[in-house]
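Biologist: I have not looked at this structure before. Please take me through how to read its features, one at a time.

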Amino acid sequence: MRVSRLMLVTLRDDPAEAEITSHKLLLRAGYMRRLAPGIFAYLPLLWRVLQKISAIVREEMAAVDALETLLPQLQPADLWRRSGRWDGYTAGEGIMFHLVDRQERPLGLGPTHEEVVTALAADLLRSYRQLPVCLYQIQTKFRDEIRPRFGLMRGREFIMKDAYSFHADEACLRRTYAAMDGAYRRIFERCGLRAVAVEADSGAIGGSASQEFMVTAEAGEDLILTSPDGRYAANQERAVSLPAPAVPLPAGPCRTLATPEQTSIEDLCEAHGLDPTQTVKVLLLLARFAAAPARAVLVCLRGDQQLNDVKLANAVTARCPDAGALLEIGPLLADHLQAAAAVPFGFLGPHLGDPPLRQPDPRAAAAPLLRLVDPSAAELEAFVCGANRADEHLVGARWGELCPLPDVVDLRAAQPGERCLHDPSQRLEAARGIEVGHIFQLGRKYSEALEARFTNEAGEDEALWMGCYGIGVSRLAQAAVEQNHDADGIRWPVAIAPYTVIIVIASSQDPVQVALAEELYGRLLAAGIDVLLDDRPERAGVKFKDADLIGIPWRLVVGRGAGERAVELVDRSGGTGKRDLTADAALEELVQLLGLQGASP
């Protein structure tokens, strides 16, 4: 390809809309253009990158016997209602674009395809003899992000590879899950990315086990916690650890302590010489559901700990199975109560009575507080907590005496520096990560909801076992830039670079330089190498800056030495730097380095 025909438009300054390096570079280097927040046009250079990533994905999916298909992007709401996800994905802060057609039928624009593929399986898979089956697609998905940001990292339209497997038993599901784990590791390695597999929360997809693949980068939105011995890695949403030991509270009977205007743990401890580990922090929250009235939730944590919102959502969902999708959990405010004075905010204790909620449904008043306690607080023998009276706390309160111990569940957010469960001598280390892949063992959640059943070897009817496996193809492309760039621009890994070699003619007015460049261009094409020829009538400095910016791995510069067939070979990765070679030697080296044959020296 000749650069003069590439429609290449580069920018010298960072666009105001771009927040992170990879986003800036993809815009500046002419790889994409924004049409609206979270919506981008993939220009020819980026489309070539995406095609190369997709080719690697297809090869590795074929290696694990996955079959490529293409599923509809418009999905009937009925399927999502049967799985119980419609309200959660469309109401409140739901991420699904949805519409009503001219026959008044509600439809969703697919962010994912579990319901659709399960409905197909229910129609097509009837016997254990047809199993296992794995289907995948590479397709545009849609998410109605509240705040699209970081370019392709969090957009409203993106390209994703999603695969779904169906099995006769759980053991077969686990084998495919392990095979996909291996395939994903190979995909990211082949794409030139440093990726870490971490334990993850299954989120709205659901399932019994899941694992994320994170590309480590400072711009990553996720915090990854790992052990130095390499035996543990988890997203902070899922991570567990051992908190620091609590400072014992001096022995003594439970007593009241005057704490005027001391509504925070920090104020309380500073005023009375307490350690935060001696206190119990009580949070009063309100959970809203798709199919049930809102319910108040009381959470107890040790005073030095932070609440993990994902763990809380999972705990509430598990304890309210008939409430439908959990729409949101937020602070319970005075406006939510029939009588605000009934709840002394800032001085709450775990023995708080059920607050009267202000909502028309009479069932809400009858629903008791959902009471949860994190083990860090449950393990305290005696503690300081709110007295449920303004300006007062209790010192020396004990579970069982003050109130029954609530339901114990892990709710705290693990932190860097805390001890590991598998080996307390190891301490968690933190890194930022960009999620580029996620695999799930779904179990029978969707097959039971959508009645996808088969006849097993014993002639009995049962629900299919399922797995789900996703890769963000467009996100992966930007993650590669985030991991591979320098002050001059992008440094693409060879396997996914839009072109492997760029030939720069220092002076397009010099017929000798042009002739040698054309010769090299033809021979590289004949060798099967993706090559760009910068034939533009621009100054050499402009061409060099553009070549660095767009990040083609190898550059051949044809300049004043063209008469002696001398060229400059530049390794954009920095491995071998710049070298002066003869044209034939440079060509031979490129062919050998890239593992290709066919160009005569």
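Biologist: How many helices and strands are there in the chain?

Modeller: The chain has 15 helices and 31 strands. Keep in mind that this is a predicted model, and that the values below are computed from it.

Biologist: What does the C-alpha trace span along its principal axes?

Modeller: About 95 × 65 × 50 Å. The accessible surface comes to about 26,400 Å², and carbon and sulfur atoms hold 51% of that surface.

Biologist: What share of the residues counts as buried?

Modeller: A residue is called buried when its relative accessible area is under 20%. Of the 601 residues here, 51% count as buried. As for contacts with a separation of 6 or more, 69% are between residues 24 or more positions apart.

Biologist: Now a sheet. In which order do the strands E4, E5 and E6 lie?

Modeller: The order is E4-E6-E5, in an open sheet with antiparallel pairing. Strand E4 (74-76) and strand E5 (97-100) are the edge strands, and each pairs on one side only. On average, neighbouring strands of this sheet are turned by 35° against each other, direction ignored.

Biologist: How many bridges join E4 to strand E6?

Modeller: Three, and strand E6 covers residues 106-109. To follow the pairing at one residue, take Leu74: its bridge partner in E6 is Leu109.

Biologist: Next, the aromatic rings. How many aromatic pairs are there?

Modeller: Two rings count as a pair if their centres lie within 6.5 Å. By this rule there are six aromatic pairs. One of them is Trp80 with Tyr89, whose ring centres are 4.9 Å apart.

Biologist: Why is the pair of Trp80 and Tyr89 called edge-to-face?

Modeller: Planes over 60 degrees apart count as edge-to-face. The planes of Trp80 and Tyr89 are at 65°, so this pair falls in that class. Trp80 has a relative accessible area of 0% and is therefore buried. Tyr89 is buried as well, with a value of 8%.

Biologist: And how far apart are the ring centres of Tyr184 and Phe188?

Modeller: They are 6.1 Å apart, and the planes stand at 90°, so this pair is also edge-to-face. The two residues are four apart in helix H6 (residues 170-190), which means that about one helical turn separates them. Both Tyr184 and Phe188 are buried. Ring pairs also bring in Phe213, making a cluster of Tyr184, Phe188 and Phe213.

Biologist: Which ring does the charged end of Arg48 sit over?

Modeller: The ring of Tyr499, with the charged end 4.1 Å from the ring centre.

Biologist: What should I know before reading the backbone angles?

Modeller: Most residues other than glycine have a negative phi, and most peptide bonds are trans. The next cases are read against that background.

Biologist: Which residues does a cis peptide bond join?

Modeller: Leu131 and Pro132, with omega at about 0°. Pro132 is in the loop between helix H5 (114-124) and strand E7 (133-142).

Biologist: What is the phi of Glu261?

Modeller: It is near 60°, a positive value in a residue other than glycine. Glu261 is placed in the loop between strand E13 (255-258) and helix H7 (265-272). Its relative accessibility is 69%, so Glu261 counts as exposed.

Biologist: Where does Asp391 lie?

Modeller: In the loop between strand E18 (383-386) and strand E19 (392-397). Asp391 has a positive phi, near 65°. With a relative accessibility of 33%, Asp391 counts as partly exposed.

How values were computed:
Residues numbered from 1 in each chain as written. Predicted model: local features only at pLDDT ≥ 70, side-chain atom pairs only at ≥ 80, totals over all residues. Heavy atoms only, no water. Pairing = 2+ DSSP bridges. Axes fitted to C-alpha atoms, helices over the stretch in contact; angles between N-to-C directions. Phe/Tyr/Trp six-rings, centres within 6.5 Å; stacked < 30°, edge-to-face > 60°. Buried < 20%, exposed > 50% of the residue type's maximum accessible area, 1.4 Å probe, protein only. Lys NZ or Arg CZ within 6 Å of the ring centre and 35° of its normal. Contact = heavy atoms within 4.5 Å. Areas by Shrake-Rupley, 256 points an atom, 1.4 Å probe, with all protein chains shown as cover.
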